[in-house]
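User: I am new to this structure and would like to learn how to read its features. Could you take me through them in order?

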Amino acid sequence: MSKDAVATAQAAAHPQAAERPADAGDAGYSKDLKARHVNMIAIGGAIGTGLFLGAGGRLRDAGPALAIAYLVAGVFAFFVVKALGELVLYRPSSGSFVSYAREFLGEKGAYVAGWMYFLNWSTTGIADITAIALYTHYWSMFTSIPQWVLALVALAVVLAVNLISVKIFGEMEFWFAIVKVATLVGFMLIGIFLLATQHEVSGQTPGVGMITDHGGVLPHGVMPVVLVMQGVIFSYAALELVGVAAGETAEPHKIVPRAVNSIMWRVALFYVGSVLLLALLLPSSLYSGDESPFVTVLSGIGVPAAGDVMNLVVLTAAMSSLNSGLYSTGRILRSMAMAGSAPKFTGVMSRSQVPYGGILLTCAICVLGVGLNYLVPDKAFEIVLNVASLGIISTWVIIMICHLVFVRRARAGLVERPRFRLPGSPVTEIVTIAFLLAVIGLMWNDEEVGRKTVLLVPVIAALLVAGWFGVRRRVAHQAGQEPPTPKR
């Protein structure tokens, strides 16, 4: 029997393999994102305020073992993006994991994936505009301006950028990423020089003694390392943006594998490397959650304006995150709207091929965050950050479940896996899912913040169930399968 005959027989036996399901939400987009844009979006997703600002407090609480926490979480984050990358090469979609959840888990799966991702980014957006306002207050010329006004201005600027065109978004993210990478590389070069020359930092001599003479790798035990894991996971949020951006690039099969494969070494270099360097330069007890750890070091060697420079970089990172959030939720909500599980107006496209309806909905939630900044400016950041962490963990779990089903169908001959693959399936997916769920479970040990976050899980679940009953008839109608009217 010839190869052509075999292929024909397989297609006849499994007609699903002959034609991949189309996502109505993918129609109408431009393909203006270039390779440099996607690569920098991947870098930007891997470097944010979680490193520039959050690493200081975590290093103080967990000690040098924070580098291990970043490495472990980074490996699992890489598995998630690798799985998503394989799904992207199977079928590029601007709906990304929502589109894949629809195909492999059904409309209920797509509904949960989409709204949990929206929960993540809308609350992250509130955290971002809060952070931008706080960082801007660092400079005396802005201290007289109310925090909520600065938050509103930042939101307006990023909204305008997103509404113009995807090309402008790509350019903005490209330059944001350039700033972040250049800053980190510059700091690491300075840190290595200080380490090699044994130059004193705040009266301390850099070296292994900064770890061994101050309590070792685990100065406060294992539990603090466990408790910071939630924040570590949140630091890697936005890596999945590569999958969303792939729907607006002309050559996803060439661009996505390179972008995804580079994530692992970036994590190792920028996160693990910089945290390890920080631990070798100063005792972990000298770092603070109120100041960037990089500012702590640079100020310790008398670098002028170190605080101003790093504050500008952290401000850039927060603007980048807000920019990415509006971009990704606009695309995800459009995919959902076309299936009936999101408001109809979120499926509307502008003349410049931007799904502005979904972007405006996310922006509306962020405006509520402006109100939060007005009512409780001291607590706004902490409140929304914990809600966002539940959103990103659930999104990553859904991506891995989708990949499990995808591989199972591939083994049954229903779909074809690309050459770019997640290794070790199904063990890799199962272990990753177990790790992510364990992070949520371990939050319970943190009575101050983590326990309150875990208690939100049943509340969010109840809201999702109620929402599904509100949209299920529209979803069924969109799919052409209107259910019978229930008997009274």
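Analyst: Begin with what counts as a helix or a strand: helices are DSSP runs of H or I with at least four residues, and strands are runs of E with at least two, numbered from the N terminus. This is a predicted model. By that reading, the protein has 22 helices and zero strands.

User: How many residues does the protein have, and what percentage of them is buried?

Analyst: Buried means under 20% relative accessible area. Of the 488 residues in the protein, 56% are buried. The accessible surface comes to about 20300 Å², and carbon and sulfur atoms account for 66% of that area. As for contacts with a separation of 6 or more, 80% are between residues 24 or more positions apart.

User: How do I read a pair of packed helices?

Analyst: Two packed helices are described by the angle between their axes and the distance between the axes. Here, helix α8 (residues 107-136) and helix α22 (residues 456-478) have axes that come within 11 Å and cross at roughly 125 degrees. The two helices are therefore oblique to each other. The crossing of α8 past α22 is right-handed.

User: Which residues of α8 and α22 make the contact?

Analyst: On the α8 side they include Tyr-111, Val-112, Trp-115 and Leu-119, and on the α22 side they include Leu-463, Leu-464, Gly-467 and Trp-468. The residues of this contact divide into 11 nonpolar, one polar and two charged.

User: What should I look for in the backbone?

Analyst: Most residues other than glycine have a negative phi, and most peptide bonds are trans. Gln-198 is not a glycine, yet its phi is positive, about 60 degrees. Ser-202 also has a positive phi, near 50 degrees. Gln-198 is in the loop between α10 and α11, and Ser-202 lies in the loop between α10 and α11 as well. At 42% relative accessibility, Gln-198 counts as partly exposed; Ser-202, at 42%, also counts as partly exposed.

User: Where is a cis peptide bond?

Analyst: A cis peptide bond joins Ser-425 and Pro-426, with omega about 5 degrees. Pro-426 is found in the loop between α19 (380-411) and α20 (427-442).

Technical notes: Residues are numbered from 1 along each chain as its sequence is written. This is a predicted model: local features need pLDDT of at least 70, side-chain atom pairs count only at pLDDT 80 or more; totals for chains, interfaces and linings use all residues. Side-chain values use heavy atoms; hydrogens and water are left out. Axes are lines fitted to C-alpha atoms, for helices over the stretch in contact, and angles run from 0 to 180 degrees between N-to-C directions. Angles under 35 degrees count as roughly parallel, over 145 as roughly antiparallel, 65 to 115 as roughly perpendicular and the rest as oblique. A crossing is left-handed if the near helix is turned anticlockwise from the far one by less than a right angle, and right-handed if clockwise. Contact means heavy atoms within 4.5 Å. Ala, Val, Leu, Ile, Met, Phe, Trp, Tyr, Cys and Pro count as nonpolar, Asp, Glu, Lys and Arg as charged, and the others, Gly among them, as polar. Buried means under 20% relative accessible area, exposed over 50%, partly exposed in between (1.4 Å probe, protein chains only). Accessible areas come from the Shrake-Rupley method with a 1.4 Å probe; for residues, only the protein chains shown count as cover.
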